[in-house]
Amino acid sequence: MADAVLRTERLTKHFGGLAAVNDVSLEFFTDQIHAVIGPNGAGKTTLASLLSGDLTCTSGRIFLDGEDIAGLSADRISQRGVGRSYQKTNIFLPFTVFENCRLAAQSRLPSSMRFTRPALRYDNVSQQALRALEEVGLEHRAQVTAATLSHGEQRQLEIAMTLATRPRILLLDEPLAGMGSEESARMVELLRSLKQAHAVLLVEHDMDAVFALADRLTVMVNGSVLESGFPELIRASAAVQEAYLGTEEGAA
Amino acid sequence: MDANTFLIQVLNGIQYGLLLFLVASGLTLILGIMGIINLAHGSFYMVGAYLAFSLSQHFGSLWLAMAGGVVLAVAIGLLLEWLLISRLYHRDHLYQVLLTYGLILMFEELRSVVFGDDVHGVAVPALLQTSIPLTETLSYPVYRLWMSAVCIALAIGMYLLIQKTRLGMMIRAGSTNREMVQSLGINIDLLYRLVFALGVALAAFAGMIAAPVASVFPGMGNQVLIVCFVVVVIGGIGSVKGAMLAAILIGLVDSFGKVLTLEVGGVRFLPELSGMMIYVLMAVVLLARPEGLFGKRG
Amino acid sequence: MRKVRVATIVLLGCLLALALLPLVAEKYYIQLFTKMMLMAIFAMSLDLLVGYTGLVSLGHAAFFGLAGYTLAFAAPQYEAANLWLSLPLAMAGSGLLALVIGALVLRTSGIYFIMVTLAFAQMVFFVFHDTKIGGGADGIYVYAKPVATIAGWEPFTLENHTHFYFVVLVLLVLVYAMLRMLLASLFGRVIVGIRVNEQRMRSLGYRTFRYKLVCFVIAGALAGMAGYFAAAQFGFVSPDTLGWHQSGGVLMMVILGGMGTLNGAILGAFAMMLLELGFQGLPVVGGVNIGKHWQLLMGGFIVCAVLLLPHGLLGLGRLASGWRRRPGGAADG
């Protein structure tokens, strides 16, 4: 098996006296969806934030292609090929759908310190943006203002923006949050198609989606990893059932 | 510099710092708890000073003037909060800046209309006109010591209020979660009004007690405001502890800056550019800790 | 597209009116409008920061005033400076100051940013007020307007108020066009993105600090351009030119007109100055010289404007014609 694209080593994050993420060591490989599940407050989003550089870890290491990226700023990590979508929709509401993606794609240019040529004349950037929109199925809504999109479409745009930066690893934080069954089904298909050429960290509460998609599964409770491995084995594990899956019916 | 001068500067610096703290604490409270940036805060300092001037002439006593002045200043503050400030809570800081800037213009012009543009002096109350001998050759004005004592007393009072009373608890809660406090049945509007009134009262009172020492002149409000901004930036928004530390620091830097001589490469930086020293200090803090010494990160 | 056409027509109409003004107006009005156009340039430079990047600077006058002082220093005693040398010098000086101040203040954000920009501008004020560098509190005179001689040829003379007017008008158009181009460029899109959601921009891989700093410098240099000509026109610079009344006034212009639109900045500048004149010209009523205390009315106006006009004058216009307000930079594909 090829080396892990992203690997954490004893990753820990303290908020005051509380360990939101505690001694987490995980691996993420290309062509693989690695789902992370757990009850609310288990530290899943914190983990995603640590990997994307939105938060700095208290201790531990993060290796991207063998390079230790812990402590790097979010922009530097993004430039190294890590793309993140957010649990709470984090798009540019006043801009059009197209502009949202175009801005994301523009970030891959060597430099945006260009003051004369109109941004829209950078065809590569525009193409990349359109391609990302096509991948998620939003190209027909390109000229619509993002604020007027439906919730599901906004989640799609979140993903499109991340894709437009052509990352090698995708950190997806609850992409299905708040979606109806039809939208969810579409999103699951999209996520499945993303597996190719990407390593995917998928934080999710929707168990159907998780078991339909995950190649690897990690269960987190109170910031620590309870179990990690093949989904079918974890599903059958008594400890996990007791800690989480048993009460899954009531979970968000 | 000899020991006497050193001692005087230390005392002066601390006294100035404590006065600054009084004004700045009001600013940082309003900023930290209500999230309002009030440019007109300095104007209340000026209002206090001018009230001290006119009322002491009227009553013949600075003590009565102070009592009446504080009441008047608080009344003005409450009125302003009710009419105008309360409409700013949900607005961008930009609009708060603008509206309070407009208030500054109005205050300044009203002052000009009512009191004119001259510089005025206020007499030190007879009771405190003496000087205490500190060393064989040195005496220090009692009034200045009294000022420092009052500031310290008020600082302790504020600490007790905020940390030890129910009201203080509500104030602290209101700063972190406005909606929650409201849903607990506490009247957040009233709470904010009280905090604002407290801030105004502190500023006005500071102006009153400073009047005999610093005199009363146009532009005094703006001058103190900007220094208070520096105090808040260095100390950290919302931190009364930070404001105290920063204020004393600035007081000392300002005080020593005026008497020291510093020449670098043939250019005399001190005492000519002593006014700049506090900004240099602010720049240094910004480089090291942009959120201030006791401010919250991010 | 209809909206854009109407706006363009209005703009061109105004441009035409401005171009024709000197033919019909007296010297006083020509000079007045020259001043208004300079304030419009000043306001646009601040709009770039406030309206488009979301950086509320309360110290923008530092760059405006510094350029005036640079002109005064560049002019030999009682003689005129050369425009082609002193103007770039003044703009570079203001830009450099913006670079230094920006590198420090951009480490903060939100309320802190507002306060530190004010504080640093105040520091610059003190340098000129408390030292002998620029004549201290008394200020310094610019005895002769800069000459525009280049290789022996003098295309225009600033001593002639009509020439001065047209030079400023051309600059106004150039600056407007340049800013429009800037905002449509890659850089401009980043700037606008920063204002809408800076954290997302960073997570998309942009080094936002750099872009904000460059923007700060550009705004500073443009403010310097306005300040240079303002000093040339007025013939005098004092520390008040850098003071915070100046900073507050120009901020008001940007907000009043409608920030994040550029057109709003121009509108705001003209409106504020006309308002100031209007207030100053008020008669004596009941023994009280209202005109002398115009700042009271101005302050009251500002307070009312903030409470009643959330989007400035342009917002009012849009409301009237039923347009939805688009914040600066919404791209239309």
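How many residues of chain A are in contact with chain C, and how many of chain C with chain A? On chain A 30 residues take part, and they meet 23 residues of chain C. Two residues are in contact if their C-beta atoms, placed from the backbone, lie within 7 Å.

This is a predicted model, in which local features need pLDDT of at least 70 and side-chain atom pairs count only at pLDDT 80 or more, while totals for chains, interfaces and linings use all residues. Residues are numbered from 1 along each chain as its sequence is written, and chains are lettered from A and ligands numbered from 1 in the order in which they are written.

On the side of chain A that touches chain C, α2 (74-79) and α3 (97-106) of chain A each supply at least two residues. Of these, α3(A) gives the most, with five residues. Helices (H or I, at least four residues) and strands (E, at least two) are DSSP runs, numbered from the N terminus.

Chain C also meets chain B: 34 residues of chain C are in contact with 36 residues of chain B. Helices α5 (110-130), α9 (244-257) and α11 (294-308) of chain C each supply at least two residues of the side that touches chain B. The largest share, 14 residues, comes from α5(C).

Two pairs of chains touch, and the most contacts are between chains B and C. Chain A and chain B are joined by no contact, and their closest C-alpha atoms lie 11 Å apart.

The table gives the contacting sides by residue class. Ala, Val, Leu, Ile, Met, Phe, Trp, Tyr, Cys and Pro count as nonpolar, Asp, Glu, Lys and Arg as charged, and the others, Gly among them, as polar.

| Chain C, touching chain B | 23 residues | nine residues | two residues |

## Domains of chain A

Chain A is divided into domain 1 (1-81 + 168-252) and domain 2 (90-166); such bounds come from an automatic or database domain assignment. The centres of the two domains, taken over C-alpha atoms, are 25 Å apart. Eight residues of domain 1 are in contact with seven residues of domain 2.

## Chain B

Chain B has eleven helices and four strands. Its radius of gyration is 20 Å, close to the 19 Å that the globule rule gives for 298 residues, so chain B is as compact as a globular protein of that length. The radius is taken over C-alpha atoms, and the rule is 2.2 Å times the number of residues to the power 0.38. Of the 298 residues, 46% count as buried. A residue is buried if 20 or more other C-beta atoms lie within 10 Å of its own, exposed if 12 or fewer, and partly exposed in between, with C-beta atoms placed from the backbone.

## Cores

A nonpolar core is a set of buried Ala, Val, Leu, Ile, Met, Phe, Trp, Tyr and Cys residues joined through C-beta atoms within 7 Å. The largest has 235 residues, and B:Val230, B:Val231, C:Ala43 and C:Ala119 have the most contacts inside it. Leaving aside neighbours within four places in sequence, C:Ala43 is in contact with residues including C:Val250, C:Met253 and C:Ile266.
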